[in-house]
Amino acid sequence: MRLRIHRGAKEIGGTCIEAEAEGKRLVLDVGLPLDAPDEAQERLLPDVPGFREPDPTLIGIVISHGHMDHYGLAAHIRPDIPVWIGEATHNILKAARPWVPNGHVFADPQFLFDRKPIEIGPFRITPYLVDHSAFDAYALLVEAGGKRIFYSGDFRAHGRKAALFDRLVDKPPTDIDALLMEGTTLGRTEEGFETEADLEARFVEAFRQTEGLHFVWASSQNIDRIVTIFRAAKRTGRVLLIDLYTAVVLEATGRDTIPQSHWPEVRVYVPQRQRVFIKENRLFRDRDRHHKYRVYPEDLLAGKAVMLFRPLAMSDQGVKSVLDGAGFTYSMWEGYLKEGSSQRVLRWLNRHGIPWQSIHTSGHASTADLQRFASALAPRALVPIHSFESGRFPEFFDNVVPRADGEWWEV
């Protein structure tokens, strides 16, 4: 088996790996670079034979999880290439597509399930469900030609599914020839990260200290974080207010253990700008499924609540009427705060005298957990990927074999 990393050997984002065995090729992820301008996306598609023109040797693409830096260029590949992806991931992307810019849905994918091997030509793929800030994320064991590689995808060990990490390192796949392991946080801290349980406790304290409505700005697709916010709201006697887009995403998980619009502690509030968006895009089916769980501006005055915040809420008259005594928590990567849209939110908070804080933890493994992971799998070669610190891997791991983007090598 031969491998080459098209993008990601020395950067975070844009991950794309090509494997070849017995004259057939398989691709793992087709990610969008983090710094890609919208107008340049198509030309950033990796030079993989078969992506643009027919090539019978390209027999499939496997998507590890539903973050744009792992699937975001898929819209530019030929739609007839077979694709494998997590079923819940597919359902979330499908539900979200009408609501988000640059959304993409695979036309007729086949599905990955935890530890259920699939055969794709000469390749045998075994998905391993992992703990990550993306719901339904997988690491992948790839076997072909008597060789075994393990692609970590993105993972962590401090989320609400941390038991998945423990299970993997306690009973890891053995005899790994090459481990392609992400190193997103490498060198940032040796002390580990706060867990979602830690964050829940901090949210509880923040909600208790807030007299009025408490806004939380978090990603609707970070399901772990939504669960954390919901649990903290419930512990403080507050209802969780979500917008319709979030209700649709939560519904798409297909899990009755995930907060849903019909739960008694959850309600749907649709800001005016979202109501206009629904009308313009004819999203009436989404609206009607959740209609009975809606609250309206006059209802915001009754009782205490936590509202999942969207910038479009800043111009909503209902929201404007309940800003007295409000609090605000930012719960995403702090790098986004440098963007213009985030700066407008911070100015809005300042204008209305709303105090804010950040409560967040990484979606990626700490250095210590990366070391535990690598030690458990004990690969013959550890290949850095998804990291701006690839050159530092030998400081922390054994058997490191760096590879350059575009370089073919024999496993």
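This is a tour of selected residues and elements, stop by stop, in a predicted model.

**Stop 1: helix 2**

Select residues 87–96, which make up helix 2. Seven of its ten residues are buried, so helix 2 is largely enclosed by the rest of the structure. To see which ones, colour A88, T89, H90, I92, L93, A95 and A96; these are the buried residues of helix 2. Now bring up the elements around them. The cover over these buried residues includes helix 1 (68–71), strand 5 (83–86), strand 6 (110–112) and helix 6 (244–252).

**Stop 2: L244 in helix 6**

Stay with helix 6 and select L244, which lies in that helix. Is L244 buried or exposed? Its relative accessible area is 2%, so L244 is buried. Show the side chains around it. Neighbours within four places in sequence aside, L244 is in contact with W99, V268, V270, Q274, I278, D286, R287 and H290. For a sense of scale, draw a distance from L244 to E22: the two C-alpha atoms are 48 Å apart in space, and the residues are 222 apart in sequence.

**Stop 3**

Next select D243, which sits in the loop between strand 13 (239–242) and helix 6. Its salt-bridge partner here is R310, and the closest N and O atoms of the two are 3.9 Å apart. R310 is in another loop, between strand 16 (305–308) and helix 9 (317–320).

**Stop 4**

Select E196 in helix 4 (residues 196–208) together with R156, in the loop between strand 10 (147–151) and helix 3 (162–170). These two form a salt bridge, with 3.5 Å between the closest N and O atoms. They too link distant parts of the chain, being 40 residues apart. E196 has 1% relative accessibility and therefore counts as buried. R156 also counts as buried, because its relative accessibility is 1%.

How many salt bridges does the structure hold? There are 29.

**Stop 5: E20 and R2**

For another of these bridges, go to strand 1 (residues 2–7) and strand 2 (residues 16–21). The side chain of R2, in strand 1, and that of E20, in strand 2, belong to positions 18 residues apart. They meet in a salt bridge with an N to O distance of 2.8 Å. E20 counts as partly exposed, because its relative accessibility is 22%. R2 is partly exposed as well, with a relative accessible area of 25%.

**Stop 6: I120 in strand 7**

Select I120, found in strand 7 (residues 118–120). I120 has a relative accessible area of 3%, so it is buried. What does I120 touch, not counting residues up to four places away in sequence? The list is L26, I59, V62, W84 and I125. Then draw a line to R25: I120 and R25 are 95 residues apart in sequence, while their C-alpha atoms are 9.6 Å apart in space.

**Stop 7: E143 in strand 9**

Move to strand 9 (residues 137–144) and pick E143. With a relative accessible area of 18%, E143 is buried; the cut-off for buried is under 20%. Residues up to four places away in sequence aside, E143 touches P122, F123, R124, T126 and R148. A line from E143 to D299 spans 57 Å between C-alpha atoms, and the two are 156 residues apart along the chain.

**Stop 8: the positive patch**

Select K320, R344, R347 and R351, which form a positive surface patch. Which element gives the most to the positive patch? Helix 10 (residues 340–351) does, with three residues. R344 is in helix 10. R344 has 47% relative accessibility, so it counts as partly exposed.

Terms used. Residues numbered from 1 in each chain as written. Predicted model: local features only at pLDDT ≥ 70, side-chain atom pairs only at ≥ 80, totals over all residues. Heavy atoms only, no water. Patch = residues over 30% accessible without salt bridge, like charges linked within 9 Å, V, L, I, M, F, W, Y side chains within 5 Å. Areas by Shrake-Rupley, 256 points an atom, 1.4 Å probe, with all protein chains shown as cover. Salt bridge = Lys/Arg side-chain N within 4 Å of Asp/Glu carboxyl O. Lys, Arg positive; Asp, Glu negative; His and termini not counted. Charge placed at Lys NZ, Arg CZ, Asp CG, Glu CD. Helix = DSSP H or I, 4+ residues; strand = E, 2+ residues; numbered from the N terminus. Buried < 20%, exposed > 50% of the residue type's maximum accessible area, 1.4 Å probe, protein only. Contact = heavy atoms within 4.5 Å.
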